[in-house]
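Here are my notes on this one, as numbered points. Have the structure open while you read.

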Amino acid sequence: MIFLVIIEFIPKVLVFAVFFYLYQISPFKDVVQRQWWAWILLLFADDISCYWFHRLNHEVCSFCAGHIPNYLSIYMNLGTVLRQGVGERVHKFFFWIWIPLLGFDPLMMFTIKGVSLIYQFFVHTELINKLPKSIEFIFNTPSHHRVYHASNIRYLDCNHAGILIIWDRLFGTFSEELKEV
């Protein structure tokens, strides 16, 4: 984790500069600004980018190599989320490059990304079984995320969600966690 923070600092500064440039040339920046509704749209934009980032980390071999450290833990706990591959830093931010072109401020983007990461700490646990069905239907939950980290054939390449599990339901990558018999 410490190595990752050091390695990611310079790329994040560069990415922020690129995002800021793209935001500056966006014809929509004066429309979006920091309106209340823009934060909601940005959450959805960030989350679908997160979905495709996670999904393609499973489907593209060169991406998969950088994502492997996230699966090295036998147990789901808060430390599991900190196991991020350094190799992902090469391609990660390309999944979000379209968002500043829509007029979203990079400071907003990094704020929402932080909210998403905080939420994703919550789903890395074995302490919570299932949440109410309405929450399980819309949001990524610990139950859904255990499927993502599982090695059972039935669960491979499923539940790539960040915050919203609706993307997995929409794109056919959702799998319900089943009780082991």
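1. Let's begin with Phe44, which is partly exposed at a relative accessible area of 35% (buried means under 20% relative accessible area, exposed over 50%, partly exposed in between, with a 1.4 Å probe and protein chains only). A word on the source: this is a predicted model, where local features need pLDDT of at least 70, side-chain atom pairs count only at pLDDT 80 or more, and totals for chains, interfaces and linings use all residues. Residues are numbered from 1 along each chain as its sequence is written, and side-chain values use heavy atoms, with hydrogens and water left out.

2. What about the partner of Phe44? Trp167 counts as buried, at 11% relative accessibility. The ring centres of Phe44 and Trp167 are 6.4 Å apart and the planes stand at 90°, so this pair is edge-to-face. For the cut-offs: rings of Phe, Tyr and Trp (its six-membered ring) pair if their centres lie within 6.5 Å, and planes under 30 degrees apart count as stacked, over 60 as edge-to-face and the rest as tilted. Helices (H or I, at least four residues) and strands (E, at least two) are DSSP runs, numbered from the N terminus.

3. How many aromatic pairs does that rule give? The count comes to ten. Another of them is Phe20 with Tyr23, a tilted pair at 6.3 Å centre to centre and 45° between the planes. Both residues lie in helix 1 (residues 2–25), three residues apart, about one turn of the helix. Phe20 is partly exposed at 39% relative accessible area, whereas Tyr23 is buried at 13%. Ring pairs also link Phe16, Phe19 and Phe110 into a cluster.

4. The charged end of Lys29 sits over the ring of Tyr23, 5.9 Å from its centre, and that of Arg169 sits over the ring of Phe174, at 4.0 Å. The rule here is that NZ of Lys or CZ of Arg is within 6 Å of the ring centre and within 35 degrees of the ring normal.

5. Now the inside. In soluble globular proteins, nonpolar side chains tend to be buried together. Here the largest nonpolar core has 16 residues, and those with the most contacts inside it are Phe19, Leu42, Trp96, Ile99, Phe104 and Met109. A nonpolar core is a set of buried Ala, Val, Leu, Ile, Met, Phe, Trp, Tyr and Cys residues joined through side-chain atoms within 4.5 Å. Helix 1, helix 3 and helix 6 (106–122) are the elements that give two or more residues to this core, and helix 3 gives the most, with five.

6. Which residues does Leu42 touch? Leaving aside its neighbours within four places in sequence, Leu42 is in contact (heavy atoms within 4.5 Å) with Ile99, Phe104, Met108, Met109 and Ile112.

7. On to the charges: the whole structure has four salt bridges, defined by a side-chain nitrogen of Lys or Arg within 4 Å of a carboxyl oxygen of Asp or Glu. In one, Asp105 meets Arg34, with the closest N and O atoms 2.3 Å apart. Asp105 is in the loop between helix 5 (98–101) and helix 6, and Arg34 in the loop between helix 2 (29–32) and helix 3, so the pair ties together parts that are 71 residues apart in sequence. Asp105 is buried at 9% relative accessibility, while Arg34 is partly exposed at 48%.

8. Arg146 and Glu177 form another salt bridge, 2.9 Å from N to O. Arg146 lies in helix 8 (residues 142–149) and Glu177 in the segment after helix 9, so this bridge ties together parts that are 31 residues apart in sequence. Are these two buried or exposed? Arg146 is buried, and so is Glu177.

9. Last, have a look at Tyr119, in helix 6. Beyond its neighbours within four places in sequence, Tyr119 is in contact with Phe139, Asn140, Gly162 and Ile163. A polar atom of the Tyr119 side chain lies 2.4 Å from the backbone oxygen of Asn140.

Notes. A polar contact is a pair of N or O atoms within 3.5 Å; within protein, one must be able to donate a hydrogen and the other to accept it, and residues adjacent in sequence count only if both atoms are side-chain atoms.
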